[in-house]
Amino acid sequence: MSNDSQAAGEDDYLSMSFNEETAHVPESSLQRTARLKREAASRAHQPRKRELEERAAKAQQAILDTALDSSSIGAKMLSKMGFKEGGTLGKSADALREPIRVNFRHGKGGLGVEREKRSDDARTLKRNRDGLIDATAATANRDHVEKRAKVSENEYRERAQLSAEERRAHGKLTGAMKVLETLEDGASKDEGREMATLQHVPLHSVNVLRRPLARERLREDRERMMQLIKAEAIAVRDRPDDISDPKRKFIAAADVDLEESDSELEEFEAQPIAEQLEKVVEHLREQHNYCYWCMGQYPDEGMEGCPGLTEDEHG
């Protein structure tokens, strides 16, 4: 046996190359646990419908973007008809150089669905835009209504406050007129008196400072007279009208007096209630030594003990 054969049949222990197989390292328990978790997570993951559709679309696009293999049957048929790679699909120089792209349809909708969908989207967009405009207008209208309501509420409070003050002032004025009526007539008017014994007193003869009160009393007396006449007509049927009846005379005179114009009274009532009250109070002090705010009559003009002329001075 030659040295070459001996060298070929025996290992060269002097060579620096080693052909020993790598020893298998056993898997630890932690590595095995991590591997099992990864495998379980991979099996548990189920792709969603949208993800599957995206994968299918990518696969289709990859197929369309892949050039035709020269070894395929289609490529061989085109080659026999004179087609060369990079050339046109036909005799004309400006013919297509690539096959017509295929647009895949997804879903079960028929022809015209996409157009209807675009129309629906446009109508939805228009409705949303109109709804946004309507919502903006409704918000502006609501703000306007709330603002008006707030202003109306403030105006109502102001009017209510003014009305309350006017009612109080009117009540004070009526009280002062009643005091003046008592002092001038010597006794207060008795509303329970017999109407038939009343004698009509013309309004122009009454002090203008208490004439509004006298006018209201005259209207009330006239109404009571009318009620008495109606009651008598019911009690005595077919009673003829008696012109000499005192009640009818009183009503006739009252009608004339109430319808007659009174410029002096109109001028007095045209003034604010506060000024009317001030004039009545001054008249009571000057003519009758009476302080309306003290609710008493003093023995002399000095009115010693009276705090002053106004209500505020009396606390």
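Met81 is exposed, with a relative accessible area of 65% (exposed means over 50%, buried under 20% and partly exposed in between, with a 1.4 Å probe and protein chains only). The structure is a predicted model, in which local features need pLDDT of at least 70 and side-chain atom pairs count only at pLDDT 80 or more, while totals for chains, interfaces and linings use all residues. Residues are numbered from 1 along each chain as its sequence is written, and side-chain values use heavy atoms, with hydrogens and water left out.

Met81 is located in the loop between helix H4 (73-80) and helix H5 (113-185); helices are DSSP runs of H or I with at least four residues, numbered from the N terminus. Together with Ile73 and Met77, Met81 makes a nonpolar surface patch of about 390 Å². Such a patch consists of residues with over 30% relative accessible area and no salt bridge, their nonpolar side chains (Val, Leu, Ile, Met, Phe, Trp, Tyr) being joined within 5 Å. A salt bridge is a side-chain nitrogen of Lys or Arg within 4 Å of a carboxyl oxygen of Asp or Glu.

Helix H5 contains Glu181, which counts as buried at 3% relative accessibility. The side chain of Glu181 is joined to that of Arg217 by a polar contact of 3.1 Å, a term for a pair of N or O atoms within 3.5 Å, one able to donate a hydrogen and the other to accept it. Between Glu181 and Val206, 25 residues apart in sequence, the C-alpha to C-alpha distance is 9.4 Å.

Notes. Patch = residues over 30% accessible without salt bridge, like charges linked within 9 Å, V, L, I, M, F, W, Y side chains within 5 Å. Areas by Shrake-Rupley, 256 points an atom, 1.4 Å probe, with all protein chains shown as cover. Helix = DSSP H or I, 4+ residues; strand = E, 2+ residues; numbered from the N terminus.
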